Amino acid sequence: MHASASSPTVRPLTGGRLRWRIVDIVVASVLGVASGLIFWAWGLGYVGPKLLLEPLLPGLQGLLDGPWLFAGVLGALIIRKPGAALYTETVAAVLSALVGNQWGGFLTIEAGLVQGLGAELVFLLFLYRAWTLPVAVLAGAGAALAGGINNLLLWWPGADLTFIVVYLISTIVSGAVIAGALSWVLARGLASTGALDRFAAGRERRERV
């Protein structure tokens with residue numbers, strides 16, 4: 001049976017559209033560096049809100065995790081290639097570690113790898129073909145879940161069940177909203193300026209207008 005002219009073209013997962021170009025590497029690296037500076041700044045600024053949330057309900061500080069999770073989702077939404085979420089989140093973590101923070105270099109980079117992988121797996125689940133708001137939200141939640149489990153193992157071993165549940169729910173909500181939904185809005189905003197015209201995200205935006 002022949003496909004009609006209006007039928008969507010199904011491209012193989014290994015097609016050229018998934019190969020990284022020099023411009024992809026450059027832009028993903030720039031995104032990672034810029035995000036890393038935001039990670040570092042948030043590492044300084046989150047202490048105050050954390051002190052306010054912890055007495056309310058232990059584990060509620062997970063609501064503050066989102067700003068450390070957005071790099072991978074944003075990078076994937078813009079680059080749209082396998083490994084973009086993992087690469088961008090890791091570059092951001094490396095930059096944050098190099099600048100210096102209270103968690104140490106190795107653990108910061110390890111956290112970036114885990115969080116980036118959590119987002120990456122969601123985009124892989126959709127075969128790198130879906131870049132919608134729901135998928136972005138799921139990717140943000142995936143980064144949060146992976147990062148949250150990692151944090152529980154490293155920083156709160158032996159935590160009680162209430163803390164674990166509250167923390168995981170809080171960090172997933174933060175990841176879904178900040179790393180997921182806001183990254184999607186930011187990617188669309190960048191596309192509307194013409195800054196992403198060399199990427200599918202920019203061309204897709206123009207086609208809708």
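Guide: The crossing of helix 3 and helix 7 is right-handed, a crossing being called right-handed if the near helix is turned clockwise from the far one by less than a right angle, and left-handed if anticlockwise. Helices here are DSSP runs of H or I with at least four residues, strands are runs of E with at least two, and both are numbered from the N terminus. This is a predicted model, in which local features need pLDDT of at least 70 and side-chain atom pairs count only at pLDDT 80 or more, while totals for chains, interfaces and linings use all residues. Residues are numbered from 1 along each chain as its sequence is written, and side-chain values use heavy atoms, with hydrogens and water left out.

Two packed helices are described by the angle between their axes and the distance between the axes. For helix 3 and helix 7 the angle is about 40 degrees and the axes lie 9 Å apart, where axes are lines fitted to C-alpha atoms over the stretch in contact and angles run from 0 to 180 degrees between N-to-C directions. That angle makes helix 3 oblique to helix 7, since angles under 35 degrees count as roughly parallel, over 145 as roughly antiparallel, 65 to 115 as roughly perpendicular and the rest as oblique. On the side of helix 3 the contact (heavy atoms within 4.5 Å) is made by Phe70, Val73, Leu74, Leu77 and Ile78; on the side of helix 7 the residues include Ile178, Gly180, Trp184 and Leu190.

Helix 7, residues 161–192, also holds phenylalanine 163 and tyrosine 167, four residues apart, about one turn of the helix. Rings of Phe, Tyr and Trp (its six-membered ring) pair if their centres lie within 6.5 Å, with planes under 30 degrees apart counted as stacked, over 60 as edge-to-face and the rest as tilted. The ring centres of phenylalanine 163 and tyrosine 167 are 6.1 Å apart and their planes are at 5 degrees, so the pair is stacked. Buried means under 20% relative accessible area, exposed over 50% and partly exposed in between, with a 1.4 Å probe and protein chains only; phenylalanine 163 is buried at 10%, and tyrosine 167 is buried at 1%.
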